[in-house]
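Please read the report below alongside the sequence and the structure. It starts with the chain as a whole and then moves to single elements and residues.

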Amino acid sequence: MTFCAAVGHKLLQRIPTVGRGSARAYSARPTTLPDEGRAKVTIRTIKKLYTDQQPITMMTAYDYPTSVACDRAGVDMVLVGDSLAMVALGHNDTSEITMDDMIHHSKAVARGSRSSFLVTDLPFGAYQSDETTAVNNAIRMIKEGRAEAIKLEAGRRAAPKIDAIVNGAGIPVVGHIGLTPQTAVALGGFRVQGKSVASAQALVADALALQEAGCFAIVLEAMPSLVAEAVTRLLRIPTIGIGAGPATSGQVLVLSDMVGMFDRFTPKFCRSFADLGPRMVTAVGEYNEAVRAGTFPAEGTHTYAMPAAAEERWRTYVQKEFGLELGPGSGSGTRLMSTRYSTPDQPDIPPFMVWNLDLNEDGTTPHDKS
């Protein structure tokens, strides 16, 4: 047995079996999510909030930590929006993201969402061509992405596809009209929609068609408040506004915008609830300086110690075998740097290159017997 294998085997034998919550958590072994005591949000929940005229909250999430944050904050609906193309992946617009990308992120969000209702965007190109493609990709998002509903950026022309997804495949759909970022180029860029009477009338027609096709809710983006109010009052399903004023049934924002994590621009309609971007830069900068100054990690604070008897034996062993005098160890606060050393037959060899010595049954090396 090699030295590494023998040491690893002995260490594994000494690791106690721990129950849930008894071991210290860290990123590779996160703590179990606590039971927040909130009932699972369903479409029935959304409908009841709408009927009771209670505002509905929706927030975007793109990965496990943002999903957990939204869920613990009590958000009703979590949206895995294709805005992640820009705010999480750095693309120039949302049209660049793929179906596989969206499924990947939707699965991560699903792992962190216990109570919130999970909606995921179908990306550009996943539903525009024909009804069969739209239905198949909607099914993929539910099966593979673990979404509970899908969202489409489309007006009345997409009504047959929505009908096929809802009534044919039994998948809930959230509509999205107004400014639709996937087709912003055709709209002349990221511009407010419905500013003329004719364009406002078109938005009403779109909303009514999507309702008739089977959508259980519709996102209204970047339109005058009076237009959004009229659409909301004409529908029998909830509207979720983003830059559409306070008269909608609920609101949604892009998480990265409202916490200051997106550095390119902030939409006019977004309110800043935090400024985490600069704070993150500051924190990383402080870490950078601490590493360079040798103040992190601090021995005894951010390190693990050996039992006293094992430490003494280890010091004796490495001094005898490799001529190494180890630092003071736990609690010393001493900054230690990697060193190189020489052996008679292998001069100037890094330490990690020679951990292949065989151990005798009593734990000594062959050199101890010579």
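## Chain overview

Of the 370 residues in the protein chain, 40% are buried. The model is a predicted one. Its protein chain holds twelve helices and eight strands. Among contacts with a separation of 6 or more, 58% join residues 24 or more positions apart.

Confidence comes next. The mean pLDDT of the protein chain is 82. A value of 70 or more is reached by 76% of its residues.

## The barrel

How many strands form the closed barrel? There are eight, in the order β1-β2-β3-β4-β5-β6-β7-β8, and the pairing is parallel. From one strand to the next, the twist averages 25°. Strands of a sheet pair through backbone hydrogen bonds, either parallel or antiparallel.

Two of the strand pairs can be set out in detail. Strand β1 (residues 56-60) runs parallel to β2, and three bridges join them. M58 stands opposite M77 in β2. Strands β5 (residues 173-178) and β6 (residues 217-221) are also parallel, with five bridges between them. Here V174 faces A217 of β6.

Strand β2 is covered on both faces. M77 and L79 are buried on one side, and V78 and V80 are buried on the other. Helix α5 lies across β2 (77-80) and β3. Its direction makes an angle of about 170° with β3.

Does the length of α6 agree or disagree with its residue count? Helix α6 covers residues 131-143, which is 13 residues. At 1.5 Å a residue it should span 18 Å, and its end C-alpha atoms are 18 Å apart, so the two values agree.

At the start of α6, D130 places a side-chain oxygen within 3.1 Å of the backbone nitrogen of T132. The buried residues of α6 are A134, V135, N137, A138 and M141. They pack against α5 (99-112), β3 (117-121), β4 (149-151) and α7 (159-168). An α-helix has 3.6 residues a turn, so residues three or four places apart point the same way.

Helix α7 has its own buried set: A159, K161, I162, A164, I165 and V166. Their packing partners are α6, β4, β5 and α8 (197-213). After α7 comes G170, with a positive phi near 75°.

| Residue | State | Relative accessible area |
|---|---|---|
| D121 | buried | 2% |
| S116 | buried | 1% |
| Q53 | exposed | 70% |

D121 lies in strand β3. Why is D121 classed as buried? Buried means under 20% relative accessible area, and D121 has 2%, so it is buried. Leaving aside neighbours within four places in sequence, D121 is in contact with L79, V80, G81, D82, M102, M141 and K151. A polar atom of the D121 side chain lies 2.8 Å from the backbone nitrogen of D82. The C-alpha atoms of D121 and A138 are separated by 9.4 Å, and the two residues are 17 residues apart along the chain.

S116 sits in the loop between α5 and β3. Which side chain makes a polar contact with the side chain of S116? That of R38 does, at 3.1 Å. Not counting residues up to four places away in sequence, S116 touches R38, K40, V41, C70, D71, V75, D76, V78 and E148.

Q53 is in the loop between α2 (43-51) and β1. The cut-off for exposed is over 50%. Q53 has a relative accessible area of 70%, so it is exposed. Along the chain, Q53 and S249 are 196 residues apart. Their C-alpha atoms are separated by 7.4 Å.

Notes:
Residues numbered from 1 in each chain as written. Predicted model: local features only at pLDDT ≥ 70, side-chain atom pairs only at ≥ 80, totals over all residues. Heavy atoms only, no water. Helix = DSSP H or I, 4+ residues; strand = E, 2+ residues; numbered from the N terminus. Expected span 1.5 Å × (residues − 1). Buried < 20%, exposed > 50% of the residue type's maximum accessible area, 1.4 Å probe, protein only. Contact = heavy atoms within 4.5 Å. Polar contact = N/O pair within 3.5 Å; in protein donor to acceptor, adjacent residues only side chain to side chain. Pairing = 2+ DSSP bridges. Axes fitted to C-alpha atoms, helices over the stretch in contact; angles between N-to-C directions. pLDDT = per-residue confidence, 0-100.
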